[in-house]
Amino acid sequence: MNLLTTLSGSLMEGFFPAGWDLRKIDALAADDGRLGRREPWWHPQFEPVPCATFEDFDVYMGHEIAREVQQARQEGRRVVFILPVGPMGMYRWTVYFLSEWGVACDHVHGFNMDEWSDARGNTLPPDNPGAFQFAMEQALYGPLGKHTVPARQRHFAHQTELPTYAAQVADLKKAGAKLVTVFGIGRVCHIAFWEPHFAAEFAAEADWKAQTHRLGARLHPLTVEQNALTSFRSRTTLVPAYANTIGPALFLAADRVIGGADGVLGRGMQWQGLSLRMTLHHEPTPWIPSTYMPTLPGRLFYVQELAGPLVAECH
């Protein structure tokens, strides 16, 4: 007896994205020997990197971001980052390494991938502690101090600015900048807030991939609840039901990706093991946006505990 055998007639029927094959997903969850084995669709230069502890995860991922900044400086070129709020712990180490190395960041352009909004794309004030702009200023831009990214090169997914992202990034790439997408993986395998149910709107994968952004994107209930647990101390009523987000045309345009999965809650509890397995081992499909990230060069860091086994353990 499980969800698959009791789904019919339950309140969960119709809850998951229509394009999800739950039996196939369950088979991936049960295959403990598969995690990390290379798939035919992975980019030759993509690799998952297990991290023994949460602390290791933060250091490794922070170092990876800092090295991209340092290398761009050494090579005399600009670097463009698409940046998430979640995971966040790596930014403290990015700041540490760049400060220790004395690397100035005036060649860096940061584009936040998403922001909470209402249905019309209006966003939280930047001084709201739940706003992603506030989080980035506190975690990265402020602590960098004299080495920080110039204010004019920090971009946030506001109603008026998000629609300009694609043109700005394209111009920077034409001028020789490298584009690096830093990402986390959502509970429903979104990248940024590009949700799986958006796939139903497009007749062809190419049309889905051509989308640069969306204002006032409707969020899946699991996305709202994930953020209630991870960012709002369980207070679901604080979480907006909409967000502004970049689309596949931007996050898949990356020259390199740096991903992170750190969804360990402690005492054996976690929320991200299934999402990690789907990302790595389900073939790419618009119904599971994160499945496209292994098709790009880069690294996906994950806390080893997420590897499972994904079996029942009551708490």
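Predicted model: local features only at pLDDT ≥ 70, side-chain atom pairs only at ≥ 80, totals over all residues.
Residues are numbered from 1 along each chain as its sequence is written, and side-chain values use heavy atoms, with hydrogens and water left out.

Q: Which strands are the edge strands of the open sheet of seven strands?
A: Helices (H or I, at least four residues) and strands (E, at least two) are DSSP runs, numbered from the N terminus. Two strands pair if DSSP finds at least two bridges between them. The open sheet has the order β1-β12-β9-β6-β2-β3-β5, with parallel pairing. The strands that pair on one side only are β1 (46–51) and β5.

Q: How many of the six residues of strand β9 (residues 256–261) are buried?
A: A residue is buried at under 20% relative accessible area, exposed at over 50% and partly exposed in between (1.4 Å probe, protein chains only). From β9, Arg-256, Ile-258 and Gly-260 point one way, and Val-257, Gly-259 and Ala-261 point the other way. In a regular strand the side chains alternate between the two faces of the sheet. Strand β9 is largely enclosed by the rest of the structure because the number of its buried residues is six of the six.

Q: At about what angle does α3 run to β9?
A: Axes are lines fitted to C-alpha atoms, for helices over the stretch in contact, and angles run from 0 to 180 degrees between N-to-C directions. Helix α3 lies across β1, β2, β3, β6, β9 and β12. Its angle to β9 is about 165°.

Q: With which side chain does the side chain of Glu-68 make a polar contact?
A: Glu-68 belongs to helix α3 (residues 54–75). Its relative accessible area is 2%, so Glu-68 is buried. Contact means heavy atoms within 4.5 Å, and beyond four places in sequence Glu-68 is in contact with Phe-81, Lys-178, Val-180, Arg-256 and Ile-258. A polar contact (a pair of N or O atoms within 3.5 Å; within protein, one must be able to donate a hydrogen and the other to accept it, and residues adjacent in sequence count only if both atoms are side-chain atoms) is made at 3.1 Å with the side chain of Lys-178.

Q: Why are the buried residues of α6 on the same side of the helix?
A: In helix α6 (residues 165–174), the residues Tyr-165, Val-169 and Leu-172 are buried. The face turned away from them carries the exposed residues Asp-171 and Lys-174. The arc is that of the directions from the helix axis to the C-beta atoms. Tyr-165, Val-169 and Leu-172 lie on the same side because the arc that they cover around the axis is only 60°.

Q: Are the axes of α4 and α5 parallel or oblique?
A: The axes of helix α4 (residues 90–101) and helix α5 (residues 132–141) come within 8 Å and cross at roughly 40°. Angles under 35 degrees count as roughly parallel, over 145 as roughly antiparallel, 65 to 115 as roughly perpendicular and the rest as oblique. The crossing angle of roughly 40° therefore makes α4, relative to α5, oblique.

Q: Which backbone oxygen does the side chain of Thr-291 reach?
A: Thr-291 is placed in the loop between α10 (273–281) and β12. This residue counts as buried because its relative accessibility is 0%. Its side chain reaches the backbone nitrogen of Thr-285 at 3.1 Å. At 2.5 Å, that side chain reaches the backbone oxygen of Ile-288.

Q: Is Arg-187 buried or partly exposed?
A: Arg-187 is found in the loop between β6 and α7 (205–209). Not counting residues up to four places away in sequence, Arg-187 touches Leu-222, Gln-226, Trp-271, Leu-274 and Ser-275. Since its relative accessibility is 30%, Arg-187 counts as partly exposed.
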